[in-house]
Amino acid sequence: MKQFLFFIQKEFYHLLRDKRTLFILFGMPVVQIVIFGFALTNEVKNSRIAILDQSKDEVTTSIIQQLEASQYFDIEKNLQSEADIEPAFREGKIKLVVVFPSQFQSTLLHTNSAPIQVIADATDPNVANTLTNYASAIILDYQNNIRGNQDFPYTIQTEMRMLYNPQMKGSYNFVPGVMAMVLMLVCAMMTSISIVREKEIGTMEVILVSPMVPLRVVIAKMVPYLLLSMINIGSILVLSVFALDVPIQGSLLLLVFECFLFTITSLALGLFISSVTNSQQTAMLISLMGMFLPTIMFSGFMFPVENMPLPLQIISNIVPAKWFYYIVKAVMIKGLGFFSIWKETLILAGMTTVLMLISIKKFKTRLE
Amino acid sequence: MKENFAISVRELTKRFNDFTAVNAITFDVKQGEIFGFLGANGAGKTTAMRMLCGLSFPTSGQAMVAGYDLYQDAEKIKKSIGYMSQKFSLYEDLTIRENIRFYGGIYGLSDHEIKTKTETLVHQLHLEEQLNKLVKSLPLGWKQKLSFSVAMIHQPKIVFLDEPTGGVDPVTRREFWTLIYEAASQGTTVFVTTHYMDEAEYCDRVSIMVDGRIDALDTPLELKRKFNAPSMEEVFVQLARKAKRTE
Amino acid sequence: MRILRILLEKEFRQIFRDPAILRIIFMMPMIQLLVLPMAADYEIKNVNVAVVDLDHSTYSIQLVNKVKASGYFNLVDYNESFEKSLEYVEHDQADIVLQIPASFEKDLVREDKATLFMALNAINGVKANLGGAYLRSIINDFNREVRLDWVQLPRVNPQPTFQISSINWFNPLMNYKIFMVPGILVVLVTMVGSFLTALNIVKEKEVGTIEQINVTPIHKYQFILGKLIPFWVLGLTTLSIGLTLEWIFYGIVPVGNLSTIYIFAAVYLLGVLGLGLLISTYAQTQQQAMLISFFLIMIFILLGGLYTSIESMPVWAQVFTKFNPVSYFIEVIRMVVLKGSTLYDIRFHLLAAAAFAVVLNSWAIVNYKKRS
């Protein structure tokens, strides 16, 4: 036991001595939370638009005022002719052009109907869709204003309730994802690299010929990263609650337990990678391509899994992060209890056990 | 400082924070001399050597190497010296021929010179068969001999060797020293650190560093006489015992 | 010049001899460009709906059929219990619960007014928003049909009406891949350029060969050029492979001139390589180099406008993107590929890229020390 403690101490020395690495390992979750929480939103606002007003009458002027007044649009340019539209788009900043034909007001007066053209830069389809919708809504609002409100017969009203995230904040979606990402990075990548590094330098052999039981060597390697990860989890949770206003709806104890479980899964993955590679560069490459990318892709927090082709959806089931993401969302945001997530927990635990067993076995055979 | 010394060092010091690795050492190395630079692990040999090669800035003191000032003309010094570091420093993923071409090239040798050099060098080391093999496939002894030859490729005035024979078998060591003698006989000054005391006997003069200072400097014969010791080993042990610094 | 040639010769030999590098250059574009775009499909479709129908009337069934037929929605369950439907939401099997109250048809016909109730899983706000909007527009359509059953509307507009028509330029089919794939290619080129450069130099540090170079009389700039040029070529190779893959698998052919992309990429890569170089001067081990590059590139990518548009970021983040080389290239490649922007259109981007190249490389050269 004393041996074992010495060993853990040695691992801590390694970790603490390298200040740069340590700084990044602790800084990573903070930076990610800040970026995801504050900088990245799918909301579209302050988009630059241009107006081609060939009529310049009272009605067009007031519609333009309405557009200008909304938080979604900044009118950047007034175009003179249709030939100006394409260059305006090509320079890159203008996302939408609203075109009023000449004689707009008089057409409206005579036929009760006047055409407005909304041209979107559909380079980014989602933004184009959203902006077109916003512009239409503003124009229709104005239309209802000049009509004066009146009730239609046979009206179906729709009442909407936003569950779990009434303010529709992006962070509710991102926080669990960031947790999965950081744990993967710290545990899987760092452990695999640090073990492979010892192989490269040759110290692993020295350790293996010592009377330490291989299992203990492995565990000792993991303890510092486990601790580091728990600190990271703590900082992520504190930041989300106090800086992002994402409350923990469910049981904190359950949440921490699940994080602990996933940390061990990630460590097992790292160990597994280290048992199949011999160079740091390969270990990094496998960690990045085989662990990190799937975590981002398949956990569902950045890319919608349900839109993927079926084979990818099936593959997504073997990515541990997917299950973890589901669990964290359930416990932290939906406030569900253990009975709603026992199946997922069991899957995660199963994966961990299998990975651990395989890697330890590989580790042993290397000895013989 | 006299011009005819290959290396001339006065009060050279290197400090890392509050640790003085090299403490005001002073010595001269004559041209064409084989100068042994001895000391226990951590005595400051490598640091001193790295300063003389222009890899590390001195904290204070003066030094002239190959007639150039260490502070002002470090890049000129580099043209006139060769260096073989403790770590094996040829490219393992290049072949012998490619390594020779590379180092010859960066020292400004022409294609023709590189070609003749490669031939003589390979002949001298009996590496004809291995010429197009990757360096990583060579045994350590050959690697070391090859490193030495590559360090000598531009016929430097001075060659610095940092523990060139570490981990090498006695036969190869002897062969290695034949190479050193050959270089010296052609007028190259050899500055060598070593842990092998029999090698120290081969040197023209030997200095022994203890705790960052040079505690003794003379011919091996004179040193043995001074310390009343039968061998260099005994001289070394007597001096090293005084060391307070451990690694 | 000769020394540079010798250095380049050596670097290229090593690169072609290293299976890992070749794998990275050929495999990474394959994986990233072929798999990632499949995942990066943000179009809102396949919204799962659970319907609670307490009415079981003609209208309620018509409405449910209309929702089913729209193509956007999967009907997960059709039942009479809100609690049960909510459970689907809890298990992420449904995104929306639509409840049709017991007297829906009666209220609509008798009282002229009926209310539907919708509960949306808003953890993913975008999906909730758009899914809700789609469902509402289907309900509005349904509403219009119902109204037509009962009232004959006059043929001439009695009310002033704006006829809004919308057109989508540059990407009329609203294909998300055309938007994402070039952006992903930028990320790829950036990663290859900075990671490989940083790792390559740090590896020479770790192995010790850099020391041997430092005792030779070669100049800093020669050494650095000798490192930059090979990776510059590799970066452009990756770009070419990527553009070819885009053409083969997605049929993406730049509307603008290919040379515009290459001219920009040539300048941009100098900056990226400079970044790699700079990282290598700070890192001692490959692990450090990897971690630092990863950390920086991650920030650059997230704040580069690949996933979310820069305009909607807060001011501080927008200011940051001005100092983010990745954001310039992402913008440029999209402009050229989709809109056919010319060299003149991207002149300021080009200038910025040149500035990055100068600053990062000078910084790296100052920081690269032959002597410690």
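Helix α13 of chain A covers residues 320–333 in this predicted model. Its 14 residues reach 19 Å from first C-alpha to last, close to the 20 Å expected at 1.5 Å a residue. That expected span is 1.5 Å times one less than the number of residues. Helices (H or I, at least four residues) and strands (E, at least two) are DSSP runs, numbered from the N terminus. In α13(A), 14 of 14 residues are buried. Buried here asks for 20 or more other C-beta atoms within 10 Å of a residue's own, with C-beta atoms placed from the backbone. A:G335 follows α13(A), and its phi is positive, near 70°.

Residues are numbered from 1 along each chain as its sequence is written, and chains are lettered from A in the order in which they are written. Because the model is predicted, local features need pLDDT of at least 70 and side-chain atom pairs count only at pLDDT 80 or more, while totals for chains, interfaces and linings use all residues.

Strand β1 of chain A (residues 47–53) is largely enclosed by the rest of the structure, because five of its seven residues are buried.

| Partner of β1(A) | Sense | Bridges |
|---|---|---|
| β2(A), residues 73–79 | parallel | six bridges |
| β3(A), residues 96–100 | parallel | five bridges |

A:L52 has A:L79 of β2(A) as its bridge partner. A:A50 stands opposite A:V97 in β3(A).

Confidence comes as pLDDT, from 0 to 100 for each residue. Chain C has a mean of 86, with 97% of its residues at 70 or more. The complex has an ipTM of 0.81 and a pTM of 0.82.

Note on methods. A residue is buried if 20 or more other C-beta atoms lie within 10 Å of its own, exposed if 12 or fewer, and partly exposed in between; C-beta atoms are placed from the backbone. Two strands pair if DSSP finds at least two bridges between them. pLDDT is the predictor's confidence in each residue, from 0 to 100.
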